[in-house]
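Please consult the sequence and the structure shown below.

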Amino acid sequence: MYCTLGIGISFAFGYMLLPLAAYFIRSWWALLLVLSAPSLFYIPLWWLIPESPRWLLTNGRVQEAEAILRHMAKKNGVTPPATLFSHAELEDMKSKCNLSHAIIHLVKTYNIRIITIINLLVWMILAVGYFGLSLSTPNLHGDDYLNCFFMAVIEVPAYVASWLFLQRFSRRFSLSGAFFLGGVVLFFVQLIPSNLSVLATVLVMIGKFGATTAFAIVYVYSSELFPTVVRNMGVGVSSMACRFGAIISPYIFYLGVQHEFLPFIVMGCLTVFSAILVLFLPETVNVPLPETIDQMQKIKGKKPGCHQHTYGSCVTDDTTEGEAANEEEEPELEPCEFYQWLCDCVREAIAENKLVVLGQVGVQTLEDELQMSYEDNEGVDMFIVSNTSIELQKTGQIMAHDSSH
(Lines give C-alpha, C1' and ligand atoms only; values in the text may rest on other atoms or scores of the structure.)
Protein backbone atom coordinates (compact mmCIF):
# COMPACT_ATOMS: atom_id res chain seq x y z
CA MET A 1 0.00 0.00 0.00
CA TYR A 2 2.92 2.34 0.70
CA CYS A 3 4.27 1.47 -2.76
CA THR A 4 0.90 2.45 -4.22
CA LEU A 5 1.12 5.83 -2.51
CA GLY A 6 4.76 6.43 -3.47
CA ILE A 7 4.42 5.36 -7.10
CA GLY A 8 1.14 7.23 -7.52
CA ILE A 9 2.41 10.55 -6.15
CA SER A 10 5.60 10.24 -8.21
CA PHE A 11 3.42 9.71 -11.27
CA ALA A 12 1.38 12.79 -10.35
CA PHE A 13 4.49 14.97 -10.03
CA GLY A 14 5.66 13.79 -13.44
CA TYR A 15 2.20 14.57 -14.78
CA MET A 16 2.56 18.15 -13.41
CA LEU A 17 5.72 18.63 -15.43
CA LEU A 18 3.94 17.76 -18.68
CA PRO A 19 2.10 21.11 -19.15
CA LEU A 20 5.27 22.98 -18.15
CA ALA A 21 7.27 21.21 -20.85
CA ALA A 22 4.46 21.60 -23.38
CA TYR A 23 4.26 25.35 -22.69
CA PHE A 24 7.87 25.94 -23.69
CA ILE A 25 8.11 23.26 -26.41
CA ARG A 26 5.32 23.89 -28.90
CA SER A 27 6.50 21.37 -31.55
CA TRP A 28 4.80 18.02 -30.91
CA TRP A 29 7.71 15.90 -32.20
CA ALA A 30 10.25 17.84 -30.11
CA LEU A 31 7.98 17.48 -27.06
CA LEU A 32 7.70 13.75 -27.66
CA LEU A 33 11.48 13.45 -27.95
CA VAL A 34 12.05 15.37 -24.71
CA LEU A 35 9.48 13.29 -22.83
CA SER A 36 10.97 10.02 -24.12
CA ALA A 37 14.62 10.85 -23.41
CA PRO A 38 14.43 10.20 -19.61
CA SER A 39 13.63 6.56 -20.39
CA LEU A 40 17.34 6.07 -21.04
CA PHE A 41 17.91 6.31 -17.28
CA TYR A 42 16.08 3.00 -16.89
CA ILE A 43 18.84 1.07 -18.64
CA PRO A 44 21.36 1.09 -15.71
CA LEU A 45 18.65 -0.36 -13.46
CA TRP A 46 19.38 -3.73 -15.10
CA TRP A 47 22.61 -3.85 -13.11
CA LEU A 48 21.55 -1.86 -10.05
CA ILE A 49 18.34 -3.68 -9.05
CA PRO A 50 18.85 -7.26 -7.78
CA GLU A 51 16.89 -10.15 -9.25
CA SER A 52 13.89 -11.58 -7.42
CA PRO A 53 15.03 -14.36 -5.03
CA ARG A 54 11.74 -16.21 -5.62
CA TRP A 55 12.34 -16.21 -9.37
CA LEU A 56 15.92 -17.40 -8.89
CA LEU A 57 14.74 -20.26 -6.67
CA THR A 58 12.09 -21.35 -9.13
CA ASN A 59 14.79 -21.53 -11.79
CA GLY A 60 17.19 -23.53 -9.63
CA ARG A 61 19.70 -20.71 -9.00
CA VAL A 62 19.82 -21.28 -5.25
CA GLN A 63 23.26 -19.78 -4.53
CA GLU A 64 22.38 -16.48 -6.22
CA ALA A 65 19.10 -16.32 -4.28
CA GLU A 66 20.89 -16.96 -0.97
CA ALA A 67 23.48 -14.27 -1.75
CA ILE A 68 20.77 -11.69 -2.41
CA LEU A 69 18.82 -12.64 0.74
CA ARG A 70 21.96 -12.42 2.90
CA HIS A 71 22.73 -9.01 1.40
CA MET A 72 19.17 -7.88 2.19
CA ALA A 73 19.51 -9.19 5.76
CA LYS A 74 22.80 -7.31 6.20
CA LYS A 75 21.24 -4.05 4.96
CA ASN A 76 18.35 -4.47 7.40
CA GLY A 77 20.59 -5.40 10.34
CA VAL A 78 19.28 -8.97 10.58
CA THR A 79 21.45 -12.02 11.19
CA PRO A 80 20.32 -14.79 8.81
CA PRO A 81 20.53 -18.48 9.77
CA ALA A 82 23.43 -20.58 8.56
CA THR A 83 21.14 -22.57 6.25
CA LEU A 84 18.45 -20.57 4.52
CA PHE A 85 16.82 -23.41 2.60
CA SER A 86 16.69 -27.05 3.60
CA HIS A 87 16.81 -29.85 1.07
CA ALA A 88 13.12 -30.58 1.65
CA GLU A 89 12.17 -26.95 1.00
CA LEU A 90 14.14 -26.89 -2.23
CA GLU A 91 12.50 -30.10 -3.39
CA ASP A 92 9.10 -28.65 -2.55
CA MET A 93 9.86 -25.50 -4.55
CA LYS A 94 11.05 -27.62 -7.45
CA SER A 95 7.84 -29.65 -7.44
CA LYS A 96 5.72 -26.49 -7.38
CA CYS A 97 7.65 -25.10 -10.33
CA ASN A 98 6.61 -28.12 -12.39
CA LEU A 99 2.93 -27.17 -11.90
CA SER A 100 2.44 -24.78 -14.77
CA HIS A 101 -0.64 -22.61 -15.22
CA ALA A 102 -1.82 -21.17 -18.50
CA ILE A 103 -4.08 -18.24 -19.23
CA ILE A 104 -6.98 -20.69 -19.65
CA HIS A 105 -6.92 -21.18 -15.86
CA LEU A 106 -8.35 -17.66 -15.50
CA VAL A 107 -11.65 -19.00 -16.88
CA LYS A 108 -11.38 -22.64 -15.84
CA THR A 109 -13.93 -22.66 -13.01
CA TYR A 110 -17.16 -20.73 -12.65
CA ASN A 111 -15.91 -18.63 -9.74
CA ILE A 112 -12.60 -17.46 -11.22
CA ARG A 113 -14.30 -16.97 -14.60
CA ILE A 114 -16.80 -14.48 -13.18
CA ILE A 115 -14.09 -12.69 -11.17
CA THR A 116 -11.89 -12.43 -14.27
CA ILE A 117 -14.71 -11.08 -16.44
CA ILE A 118 -15.68 -8.47 -13.83
CA ASN A 119 -12.04 -7.42 -13.49
CA LEU A 120 -11.65 -7.02 -17.25
CA LEU A 121 -14.76 -4.86 -17.49
CA VAL A 122 -13.83 -2.77 -14.45
CA TRP A 123 -10.29 -2.11 -15.66
CA MET A 124 -11.43 -1.25 -19.20
CA ILE A 125 -14.15 1.15 -18.04
CA LEU A 126 -11.77 2.70 -15.51
CA ALA A 127 -9.27 3.46 -18.29
CA VAL A 128 -12.03 4.98 -20.43
CA GLY A 129 -12.98 7.32 -17.58
CA TYR A 130 -9.46 8.18 -16.42
CA PHE A 131 -7.88 8.85 -19.81
CA GLY A 132 -11.09 10.32 -21.19
CA LEU A 133 -11.11 12.97 -18.47
CA SER A 134 -7.37 13.55 -18.86
CA LEU A 135 -7.78 14.12 -22.59
CA SER A 136 -10.81 16.38 -22.09
CA THR A 137 -8.63 19.30 -21.00
CA PRO A 138 -9.16 21.33 -24.21
CA ASN A 139 -12.93 21.10 -23.69
CA LEU A 140 -12.78 22.76 -20.27
CA HIS A 141 -13.15 26.45 -19.52
CA GLY A 142 -9.93 28.43 -19.10
CA ASP A 143 -6.31 27.99 -20.10
CA ASP A 144 -5.44 24.51 -21.42
CA TYR A 145 -2.04 24.39 -19.72
CA LEU A 146 -3.43 25.39 -16.34
CA ASN A 147 -6.30 22.90 -16.65
CA CYS A 148 -3.82 20.14 -17.46
CA PHE A 149 -1.75 21.15 -14.43
CA PHE A 150 -4.85 21.08 -12.19
CA MET A 151 -5.73 17.65 -13.58
CA ALA A 152 -2.33 16.49 -12.33
CA VAL A 153 -2.54 18.27 -8.97
CA ILE A 154 -5.88 16.64 -8.13
CA GLU A 155 -4.17 13.23 -8.32
CA VAL A 156 -2.03 13.91 -5.23
CA PRO A 157 -4.97 14.05 -2.77
CA ALA A 158 -6.56 11.18 -4.71
CA TYR A 159 -3.58 8.90 -4.05
CA VAL A 160 -3.49 9.94 -0.39
CA ALA A 161 -7.22 9.19 -0.13
CA SER A 162 -6.75 5.78 -1.73
CA TRP A 163 -4.01 4.97 0.78
CA LEU A 164 -6.33 5.91 3.67
CA PHE A 165 -9.16 3.82 2.20
CA LEU A 166 -6.85 0.82 1.79
CA GLN A 167 -5.66 1.19 5.37
CA ARG A 168 -9.02 1.63 7.12
CA PHE A 169 -11.92 0.51 4.97
CA SER A 170 -13.25 -2.34 2.89
CA ARG A 171 -11.59 -2.87 -0.49
CA ARG A 172 -14.90 -3.56 -2.20
CA PHE A 173 -16.79 -0.55 -0.85
CA SER A 174 -13.79 1.76 -1.25
CA LEU A 175 -13.45 0.92 -4.94
CA SER A 176 -17.20 1.03 -5.53
CA GLY A 177 -17.47 4.36 -3.70
CA ALA A 178 -14.67 5.88 -5.78
CA PHE A 179 -16.47 4.76 -8.94
CA PHE A 180 -19.77 6.20 -7.74
CA LEU A 181 -18.15 9.53 -6.89
CA GLY A 182 -16.45 9.75 -10.27
CA GLY A 183 -19.57 8.72 -12.17
CA VAL A 184 -22.28 10.69 -10.42
CA VAL A 185 -20.54 14.07 -10.65
CA LEU A 186 -20.20 13.64 -14.41
CA PHE A 187 -23.99 13.48 -14.69
CA PHE A 188 -24.25 16.94 -13.11
CA VAL A 189 -21.91 18.55 -15.66
CA GLN A 190 -24.77 18.84 -18.18
CA LEU A 191 -26.90 20.67 -15.61
CA ILE A 192 -24.43 23.52 -15.11
CA PRO A 193 -25.41 26.76 -16.92
CA SER A 194 -22.99 28.03 -19.54
CA ASN A 195 -22.22 31.13 -17.45
CA LEU A 196 -20.95 28.86 -14.63
CA SER A 197 -18.32 27.03 -16.67
CA VAL A 198 -15.86 27.20 -13.75
CA LEU A 199 -18.23 25.02 -11.72
CA ALA A 200 -18.34 22.49 -14.58
CA THR A 201 -14.54 22.38 -14.51
CA VAL A 202 -14.61 21.75 -10.76
CA LEU A 203 -17.03 18.83 -11.24
CA VAL A 204 -14.76 17.32 -13.89
CA MET A 205 -11.86 17.64 -11.44
CA ILE A 206 -13.88 15.77 -8.81
CA GLY A 207 -14.60 13.09 -11.39
CA LYS A 208 -10.87 12.84 -12.07
CA PHE A 209 -10.30 12.55 -8.31
CA GLY A 210 -12.67 9.56 -8.16
CA ALA A 211 -11.13 7.88 -11.22
CA THR A 212 -7.59 8.30 -9.87
CA THR A 213 -8.58 6.95 -6.45
CA ALA A 214 -10.19 3.93 -8.11
CA PHE A 215 -7.08 3.36 -10.24
CA ALA A 216 -4.87 3.23 -7.14
CA ILE A 217 -7.21 0.84 -5.31
CA VAL A 218 -7.88 -1.52 -8.21
CA TYR A 219 -4.23 -2.58 -8.49
CA VAL A 220 -4.18 -3.74 -4.86
CA TYR A 221 -7.66 -5.24 -4.96
CA SER A 222 -7.10 -7.23 -8.16
CA SER A 223 -3.81 -8.67 -6.92
CA GLU A 224 -5.59 -9.87 -3.76
CA LEU A 225 -8.48 -11.42 -5.68
CA PHE A 226 -6.37 -13.73 -7.84
CA PRO A 227 -4.52 -16.69 -6.28
CA THR A 228 -0.74 -16.87 -6.27
CA VAL A 229 -0.52 -19.42 -9.09
CA VAL A 230 -2.22 -17.05 -11.58
CA ARG A 231 -1.84 -13.65 -9.87
CA ASN A 232 0.63 -12.23 -12.39
CA MET A 233 -1.49 -13.45 -15.28
CA GLY A 234 -4.69 -12.12 -13.73
CA VAL A 235 -3.33 -8.63 -13.11
CA GLY A 236 -1.52 -8.66 -16.46
CA VAL A 237 -4.65 -9.56 -18.43
CA SER A 238 -6.61 -6.92 -16.50
CA SER A 239 -3.95 -4.35 -17.35
CA MET A 240 -4.20 -5.38 -21.00
CA ALA A 241 -7.94 -4.74 -20.88
CA CYS A 242 -7.10 -1.35 -19.36
CA ARG A 243 -5.00 -0.51 -22.43
CA PHE A 244 -7.96 -1.31 -24.68
CA GLY A 245 -9.95 1.18 -22.64
CA ALA A 246 -7.19 3.74 -23.10
CA ILE A 247 -7.32 3.20 -26.87
CA ILE A 248 -11.09 3.73 -26.89
CA SER A 249 -11.09 6.80 -24.62
CA PRO A 250 -10.06 9.46 -27.23
CA TYR A 251 -12.99 8.48 -29.42
CA ILE A 252 -15.46 8.96 -26.58
CA PHE A 253 -15.05 12.71 -26.94
CA TYR A 254 -15.90 12.57 -30.62
CA LEU A 255 -19.43 12.02 -29.33
CA GLY A 256 -19.36 15.69 -28.37
CA VAL A 257 -20.06 16.46 -32.05
CA GLN A 258 -23.55 15.04 -31.53
CA HIS A 259 -24.12 16.61 -28.12
CA GLU A 260 -21.85 18.78 -26.01
CA PHE A 261 -22.29 16.75 -22.81
CA LEU A 262 -22.75 13.30 -24.36
CA PRO A 263 -19.16 12.17 -23.56
CA PHE A 264 -19.65 12.97 -19.87
CA ILE A 265 -23.00 11.14 -19.84
CA VAL A 266 -21.45 8.03 -21.42
CA MET A 267 -18.50 8.02 -19.03
CA GLY A 268 -20.79 8.62 -16.07
CA CYS A 269 -23.03 5.67 -17.02
CA LEU A 270 -20.09 3.35 -17.53
CA THR A 271 -18.47 4.40 -14.25
CA VAL A 272 -21.64 3.85 -12.21
CA PHE A 273 -22.06 0.47 -13.93
CA SER A 274 -18.54 -0.45 -12.77
CA ALA A 275 -19.40 0.61 -9.22
CA ILE A 276 -22.28 -1.88 -9.24
CA LEU A 277 -20.12 -4.65 -10.73
CA VAL A 278 -17.50 -4.26 -7.99
CA LEU A 279 -20.13 -5.04 -5.34
CA PHE A 280 -20.33 -8.62 -6.66
CA LEU A 281 -16.65 -9.25 -5.93
CA PRO A 282 -15.58 -10.84 -2.62
CA GLU A 283 -13.94 -8.82 0.15
CA THR A 284 -10.19 -9.33 0.59
CA VAL A 285 -9.27 -7.06 3.50
CA ASN A 286 -7.81 -9.01 6.46
CA VAL A 287 -8.20 -12.24 4.48
CA PRO A 288 -5.17 -14.47 3.72
CA LEU A 289 -4.12 -14.33 0.09
CA PRO A 290 -5.30 -17.42 -1.83
CA GLU A 291 -2.53 -19.71 -3.01
CA THR A 292 -4.55 -21.92 -5.36
CA ILE A 293 -7.67 -21.48 -7.49
CA ASP A 294 -9.67 -23.63 -5.07
CA GLN A 295 -8.84 -21.26 -2.20
CA MET A 296 -10.37 -18.22 -3.92
CA GLN A 297 -13.31 -16.60 -2.21
CA LYS A 298 -16.72 -17.00 -3.79
CA ILE A 299 -18.35 -14.14 -5.65
CA LYS A 300 -21.23 -12.35 -3.99
CA GLY A 301 -24.69 -13.64 -4.78
CA LYS A 302 -23.59 -17.19 -5.59
CA LYS A 303 -25.87 -19.73 -3.96
CA PRO A 304 -23.99 -21.50 -1.17
CA GLY A 305 -23.58 -25.17 -1.89
CA CYS A 306 -22.67 -28.30 -0.04
CA HIS A 307 -18.96 -27.99 0.70
CA GLN A 308 -18.27 -30.53 3.40
CA HIS A 309 -19.26 -34.18 3.48
CA THR A 310 -18.42 -36.71 6.14
CA TYR A 311 -19.60 -40.15 5.10
CA GLY A 312 -22.57 -38.74 3.27
CA SER A 313 -23.40 -35.75 5.51
CA CYS A 314 -23.60 -32.27 4.08
CA VAL A 315 -22.64 -28.94 5.69
CA THR A 316 -23.44 -25.76 3.77
CA ASP A 317 -22.15 -22.23 4.23
CA ASP A 318 -25.25 -21.40 6.29
CA THR A 319 -24.98 -24.39 8.61
CA THR A 320 -24.51 -23.45 12.27
CA GLU A 321 -22.07 -25.16 14.63
CA GLY A 322 -24.91 -27.00 16.36
CA GLU A 323 -26.28 -28.26 13.07
CA ALA A 324 -22.80 -29.33 12.03
CA ALA A 325 -22.43 -31.28 15.26
CA ASN A 326 -25.77 -33.01 14.61
CA GLU A 327 -24.58 -33.90 11.14
CA GLU A 328 -21.51 -35.58 12.59
CA GLU A 329 -23.64 -37.55 15.05
CA GLU A 330 -25.73 -39.09 12.29
CA PRO A 331 -25.18 -42.83 11.80
CA GLU A 332 -22.97 -43.96 8.98
CA LEU A 333 -24.55 -45.02 5.72
CA GLU A 334 -24.96 -48.60 4.68
CA PRO A 335 -22.09 -49.93 2.54
CA CYS A 336 -24.13 -49.76 -0.68
CA GLU A 337 -25.32 -46.22 0.04
CA PHE A 338 -21.85 -45.13 1.04
CA TYR A 339 -20.39 -46.66 -2.12
CA GLN A 340 -22.90 -44.78 -4.28
CA TRP A 341 -22.20 -41.49 -2.47
CA LEU A 342 -18.46 -42.03 -2.80
CA CYS A 343 -18.70 -42.70 -6.53
CA ASP A 344 -20.74 -39.51 -6.99
CA CYS A 345 -18.09 -37.52 -5.09
CA VAL A 346 -15.33 -39.07 -7.18
CA ARG A 347 -17.05 -38.17 -10.44
CA GLU A 348 -17.67 -34.60 -9.23
CA ALA A 349 -14.08 -34.16 -8.05
CA ILE A 350 -12.63 -35.54 -11.28
CA ALA A 351 -14.89 -33.29 -13.33
CA GLU A 352 -13.51 -30.29 -11.41
CA ASN A 353 -9.87 -31.41 -11.84
CA LYS A 354 -9.30 -31.86 -8.12
CA LEU A 355 -6.92 -34.15 -6.29
CA VAL A 356 -8.81 -37.31 -5.33
CA VAL A 357 -7.74 -39.68 -2.56
CA LEU A 358 -9.93 -42.75 -2.18
CA GLY A 359 -10.50 -44.88 0.89
CA GLN A 360 -10.62 -48.59 1.42
CA VAL A 361 -14.31 -49.16 0.62
CA GLY A 362 -14.75 -50.94 -2.68
CA VAL A 363 -11.30 -50.02 -3.99
CA GLN A 364 -11.29 -52.44 -6.89
CA THR A 365 -14.75 -51.40 -8.06
CA LEU A 366 -13.90 -47.74 -7.60
CA GLU A 367 -10.79 -48.16 -9.70
CA ASP A 368 -13.04 -49.31 -12.54
CA GLU A 369 -15.29 -46.31 -11.93
CA LEU A 370 -12.28 -44.03 -11.97
CA GLN A 371 -11.00 -45.50 -15.21
CA MET A 372 -14.36 -44.89 -16.87
CA SER A 373 -14.55 -41.33 -15.51
CA TYR A 374 -10.96 -40.63 -16.52
CA GLU A 375 -11.62 -41.70 -20.10
CA ASP A 376 -14.68 -39.44 -20.20
CA ASN A 377 -12.90 -36.46 -18.60
CA GLU A 378 -9.53 -35.87 -20.19
CA GLY A 379 -7.17 -33.47 -18.44
CA VAL A 380 -7.79 -34.68 -14.89
CA ASP A 381 -4.95 -33.47 -12.67
CA MET A 382 -4.47 -36.54 -10.48
CA PHE A 383 -6.23 -39.25 -8.52
CA ILE A 384 -4.74 -41.55 -5.89
CA VAL A 385 -6.13 -44.81 -4.51
CA SER A 386 -4.97 -45.65 -1.00
CA ASN A 387 -6.04 -47.50 2.12
CA THR A 388 -6.93 -44.44 4.14
CA SER A 389 -10.21 -43.10 5.48
CA ILE A 390 -11.60 -40.18 3.54
CA GLU A 391 -13.38 -36.93 4.12
CA LEU A 392 -14.62 -34.25 1.79
CA GLN A 393 -13.12 -31.01 3.09
CA LYS A 394 -14.37 -27.42 2.78
CA THR A 395 -12.26 -26.93 -0.32
CA GLY A 396 -14.39 -29.49 -2.11
CA GLN A 397 -11.49 -31.91 -2.47
CA ILE A 398 -11.45 -35.50 -1.25
CA MET A 399 -8.38 -35.61 0.97
CA ALA A 400 -6.72 -38.30 3.07
CA HIS A 401 -6.49 -38.14 6.87
CA ASP A 402 -2.89 -39.39 6.77
CA SER A 403 -0.05 -39.66 4.29
CA SER A 404 0.52 -43.41 4.49
CA HIS A 405 -0.13 -43.69 0.75
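In this predicted model, Tyr219 has a relative accessibility of 35% and therefore counts as partly exposed, since that class lies between the limits of 20% and 50%. Phe215, by contrast, counts as buried because its relative accessibility is 11%. The two values are set out here.

| Residue | Relative accessibility | Class |
|---|---|---|
| Phe215 | 11% | buried |
| Tyr219 | 35% | partly exposed |

Phe215 and Tyr219 both belong to helix α11, where a spacing of four residues separates them by about one helical turn. Aromatic pairs number 10 in the structure. Phe215 and Tyr219 form one of them, a stacked pair with 6.2 Å from centre to centre and 20 degrees between the planes. Through ring pairs, Phe215 and Tyr219 are also joined with Trp123, Tyr130 and Phe131 in a cluster.

Helix α11 also packs against another helix. The packing of two helices is described by the angle between their axes and the distance between those axes. Helix α10 spans residues 171-188 and helix α11 spans residues 197-225; their axes come within 8 Å and cross at roughly 155 degrees. The two helices are therefore roughly antiparallel, as the angle is over 145 degrees. The crossing of α10 and α11 is left-handed.

Among the residues in contact are Leu175, Phe179 and Val185 on the α10 side, and Ile206, Phe209 and Tyr221 on the α11 side. Classified by residue type, the contact between α10 and α11 comprises 14 nonpolar, five polar and three charged residues.

Notes
Residues numbered from 1 in each chain as written. Predicted model: local features only at pLDDT ≥ 70, side-chain atom pairs only at ≥ 80, totals over all residues. Heavy atoms only, no water. Axes fitted to C-alpha atoms, helices over the stretch in contact; angles between N-to-C directions. Parallel < 35°, antiparallel > 145°, perpendicular 65-115°, else oblique. Left-handed = near helix turned anticlockwise from the far one by under 90°. Contact = heavy atoms within 4.5 Å. Nonpolar A, V, L, I, M, F, W, Y, C, P; charged D, E, K, R; others polar. Phe/Tyr/Trp six-rings, centres within 6.5 Å; stacked < 30°, edge-to-face > 60°. Buried < 20%, exposed > 50% of the residue type's maximum accessible area, 1.4 Å probe, protein only.
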